[in-house]
Amino acid sequence: MELGMENGASYKEQEEEEEEEEGLGWGKSLPVQSVQELVRRDPSSVPERYIRDHAERPKDRGVVSAITPDIPVIDFSLLSGGHEDERKRLDLACKEWGFFQIINHGVEEDLLCRIRKAMGGFFNLSYEEKKKHAMAPNDVHGYGQAFVVSEEQKLDWNDLLYIIVEPTEQRRMKYWPIIVPDFKDAVDMYSTKIKRIAEELLGNISLLMNMKRDELLAMHGTWKLSMRMNYYPPCSRPDDVLGVSPHSDGSSITILLQEDDIPGLQIKYKGEWIPVKPIPNALVINIGDSLEAWSNGMYESIEHRALTNKDSARMSLATFVNPDENADIGPVDQMIDEIHRPRMYKTIKHIDFLRHFFSKKLEGKTHTHVLKLDNKE
Ligand SMILES: O=C(O)CCC(=O)C(=O)O
Ligand SMILES: [Fe+2]
């Protein structure tokens with residue numbers, strides 16, 4: 001009998017089983033070194049694996065920003081006050097842009113400061129301490145990098161912490177750096193506010209999709225709020241690397257908090273990369289792939305990427321509103337019109353989409369092909 005065998009299973013197998021249970025079941029990412037550590041050891045080093053092929057390198061640096069159009073700004077207090085004009089502006093923002101900023105959203109400046117401080121507190125911990133929250137080999141939860149699926153692919157100039165925040169019973173506290181003062185309270189308070197914002201936005205979008213206010217939210221089932229905390233160290237060759245590869249989000253909507261004074265986020269607009277210029281204390285909202293499928297392509301998820309810079313680290317916090325794993329993702333009847341807007345997407349379980357999403361490197365919108373009807377995948 002094999003040493004360590006108990007009830008027919010070796011310790012190793014038992015361990016793997018436990019890990020299996022612990023994982024989200026969405027996929028996994030190959031472990032790669034921390035970029036923050038790399039820069040700490042040698043600020044001038046940029047290994048070959050981070051240097052992008054020419055076509056992918058950030059161009060257009062130094063473009064006179066005044067000539068690039070700004071993404072729309074929605075006044076959240078008007079929207080939640082039921083102003084019809086603001087809802088129409090939301091419709092346009094979702095249709096034409098897929099990205100917009102919201103102001104007067106009710107998340108106090110003090111709370112934004114606290115959540116930023118909590119994130120900074122985590123990334124400023126020693127590497128040893130951060131590694132206590134490292135992603136398990138079978139998971140995309142935790143501290144590390146996501147979407148690394150081969151030894152050959154180019155890597156993002158980014159370290160991240162990915163946690164599930166809601167429903168609370170699905171939290172895996174081993175990934176939460178409770179040692180950071182205020183981390184848990186700040187995340188709890190911030191996510192409570194974000195939930196309210198998400199409900200209001202989805203309520204309005206539901207009306208715009210000719211459904212009842214609460215229908216779109218109900219289609220999510222038990223939604224999962226997850227947070228991706230991004231840390232982009234300064235880079236000595238910012239023109240040759242990417243902080244995050246071009247991608248669209250798998251969520252229904254994403255609520256992003258970026259830095260007030262360090263730009264980095266860009267979206268693809270009419271074939272060009274344009275910057276999302278930070279508005280102090282505003283939140284950036286973008287449409288994700290699930291809403292694109294539900295709306296039968298009326299509201300498209302938009303490709304975006306993040307750049308780095310020479311002088312300062314940048315952080316961002318993306319909160320993803322995810323449908324339940326068992327939710328059906330596919331066009332609602334109200335968005336199908338056999339003449340003007342025939343059905344363009346299949347209906348698939350969200351978990352099947354998620355597993356597909358996490359099995360590939362981030363590469364624009366290629367992962368969304370699996371949602372499309374005319375695709376053979
Ligand atoms: O850092 C940013 O501005 C973008 C991050 C992002 O797109 C993501 O985490 O999905
Ligand atoms: Fe994103």
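The largest cavity in this predicted model has a volume of about 360 Å³. By cavity I mean a set of points, on a 1 Å grid over the protein atoms alone, where a 1.4 Å probe fits but cannot get out; the volume is the space filled by probe spheres set on the points. The structure holds three cavities of 30 Å³ or more.

What lines the largest cavity? There are 32 lining residues (an atom within 4 Å of a point), and Arg228, His247, Asp249, Ala318 and Phe320 lie nearest its centre. Strand E12, a DSSP run of at least two residues, gives the largest share of this lining, five residues.

So what takes up this space? Ligand 1 does. Around ligand 1 there are 13 residues (a heavy atom within 4 Å), and Asn230, Tyr232, His304, Arg314 and Ser316 come nearest. E12 (314-322) is one of the strands supplying at least two residues of that shell, and its share, four residues, is the largest.

Now the polar contacts, meaning N or O pairs within 3.5 Å. Oxygen atoms of ligand 1 lie 2.7 Å from a polar side-chain atom of Ser316, 3.0 Å from one of His304 and 3.2 Å from an N or O atom in the side chain of His247. Taken alone, ligand 1 exposes 300 Å², and the protein buries 98% of that (Shrake-Rupley method, 1.4 Å probe).

A word on bookkeeping. Residues are numbered from 1 along each chain as written, and chains are lettered from A and ligands numbered from 1 in written order. Local features need pLDDT of at least 70, side-chain atom pairs count only at 80 or more, totals for chains, interfaces and linings use all residues, and side-chain values use heavy atoms, leaving out hydrogens and water.

How values were computed
Polar contact = N/O pair within 3.5 Å; in protein donor to acceptor, adjacent residues only side chain to side chain. 1 Å grid on protein atoms, 1.4 Å probe; cavity = no way out; pocket = protein on both sides within 12 Å on 5 of 7 lines; lining within 4 Å. Sits in = over half its atoms within 2 Å of the grid points.
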